[in-house]
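Welcome! Please take a look at the structure below, and then we will walk through some of its strands and helices together.

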Amino acid sequence: MKLLVADVIPEETRMAVIENGKLTDYAVERNDEAHIVNHIYKGVIQNILPAMQAAFVDIGRKKNAFLYLGDLFPRAATKEEIQQTHISVGQSVLVQVVKDEQPMKGAKVTANVSIAGRYAVLMPTVDYVGVSKKIQDEEERNRLRTIVSAVKPEGIGMIVRTVAKDVSEEELAADLHYLLRTWESIRARYKTTRKPKLLYREADLLMRMIRDYCTDDVNTVIVDNKDAYERLSSFFSEDEIDRERLILYEGEDPVFDYYHIEDELQNVMSRQVMLPSGGTLIFDHTEALTVIDVNSGKYVGNSTLEETLFHVNREAAVEIARQLRLRDIGGIILVDFIDMPRSDRRDELLRILQRETAADRARVHVFGMTALNLVEITRKKSRQSIHLSQFSPCTVCGGTGVLASPESVYIQIVRQLRHMMKVHPIKGDILISAHADVLALFKDKKRKESLERELNRSLYFEDSHHANREVFSVFSKAE
């Protein structure tokens, strides 16, 4: 049984996919301007970097977007043809965002535009008809190709999506015509607009939920907001079977509480994830990659050491594939599994990872193990991960997750006191304002007496009440 559950409030929309009682996919979107993936803009080239074959494009946002120049040309263009084409600063370009802005970077854009509909994706920069590989019936594939070929203009590409399987010719053709009208509207606005501007806005999460996730295996779509329910109702066809799948939740408990999703989300937000056996996964994020460490934890097994380690690693592989989807982790991922001496076990572990990540909507590649037994994975990154969108750096530790120990701060203050007495001798006694944990070391009778003799000053203390124990001040009582 597969459910789609939407929790909608004016400030935020959350979507969860529950399969056989377990959370398998999750997305959140706030009603702000931060999420711009798939938006289409008229841009103006601001700077060209020939050595990087790239340009920075003004799309009307605070940060210029990054564009790979190869995207400006047909994929069949030769290197010589590209070099002969003049690209200049101030030139207008039609671009689509493929990766959201990051804290230190602008958005990444492409000139290879695509517009997704319910049953097909329009691609105006190519000229072919494709059908989703998940539709395996050759007769059905040919039927869909025939319908699309009869509708699409020359020079326009279309890819038929998985949800188009067995839909009527009228429904598919209507979706194709809608996409073509949308594209013509974008082109018209591009020609009449003089400055960088948003030309096309991707559907919000609520509509993408139905467009992208509501496949034939989804039994029920549940939404807790009446306005959102009415919007989704208009999206479904007049087929009563489709309409019966959509339910307006009106229970007393919040919808995510009723379906126990909030409890599952605690794991998604946590650095540590527990495995059924008692083992753990530890997630650490860096600017360049995400590192996942697998630990056996409390699990001791009831067989050989080798079987025990493999059992934990096998559980970890399944959970890692799930967590990558739930946390929407993209880019480079390194997994440090528990070392296993047998090569056949390592190969089986990689097969499990490949099988479990195959269901991911994002493109995932499992590259194998390094010489240090680290598994290398890449996952296509477009939007900010849950980690980046839901959290901001700690104002106390500065995002490092650690603070100097009380002993380190104590020594730092003592060093500063000695320097002050040597360079600019303090007049009168000394007042130290610091965190209570640091002051506890100063108040130790032997330390205090020894330091007072060395400095030839009396020491007085004041609790700073600052959350960061690294913050301190030193004053002269005579001031």
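**A hairpin, a sheet and a helix pair**

Strands E17 and E18 form a hairpin, with three residues between them. This is a predicted model, in which local features need pLDDT of at least 70 and side-chain atom pairs count only at pLDDT 80 or more, while totals for chains, interfaces and linings use all residues. Residues are numbered from 1 along each chain as its sequence is written, and side-chain values use heavy atoms, leaving out hydrogens and water. Helices (H or I, at least four residues) and strands (E, at least two) are DSSP runs numbered from the N terminus.

**Around the hairpin**

- E17 covers residues 280-285 and pairs with E18 in the antiparallel sense over six bridges; two strands count as paired if DSSP finds at least two bridges between them.
- Leu281 has Val294 in E18 as its bridge partner.
- E18 also pairs with strand E19 (residues 331-336), this time in the parallel sense over five bridges, and Val291 stands opposite Leu334 in E19.
- In a regular strand the side chains alternate between the two faces of the sheet.
- Along E18 (residues 289-295), Thr290, Ile292 and Val294 point to one face and are buried, where buried means under 20% relative accessible area with a 1.4 Å probe, protein chains only.

**The four-stranded sheet**

- An open sheet with mixed pairing is formed by four strands in the order E9-E10-E12-E11.
- E9 (115-116) and E11 (129-131) stand at the edges with a single partner strand each, so one side of each is left without a neighbour in the sheet.
- E11 pairs with E12 (residues 157-160) in the parallel sense over three bridges, and Gly130 stands opposite Ile159 in E12.
- Helix H2 (residues 138-151) lies across E11 and E12, at about 150° to E11; angles run from 0 to 180 degrees between N-to-C directions, and axes are lines fitted to C-alpha atoms, for helices over the stretch in contact.
- Helix H3 (residues 169-192) lies across E9, E10 (120-123) and E12, running at about 30° to E10.

**Two crossing helices**

- The axes of H4 (residues 205-213) and H5 (residues 226-235) come within 10 Å and cross at roughly 35°.
- Leu206, Met207, Met209, Ile210 and Arg211 of H4 make the contact with Ala228, Arg231, Leu232 and Phe235 of H5; contact means heavy atoms within 4.5 Å.

Terms used. Buried < 20%, exposed > 50% of the residue type's maximum accessible area, 1.4 Å probe, protein only.
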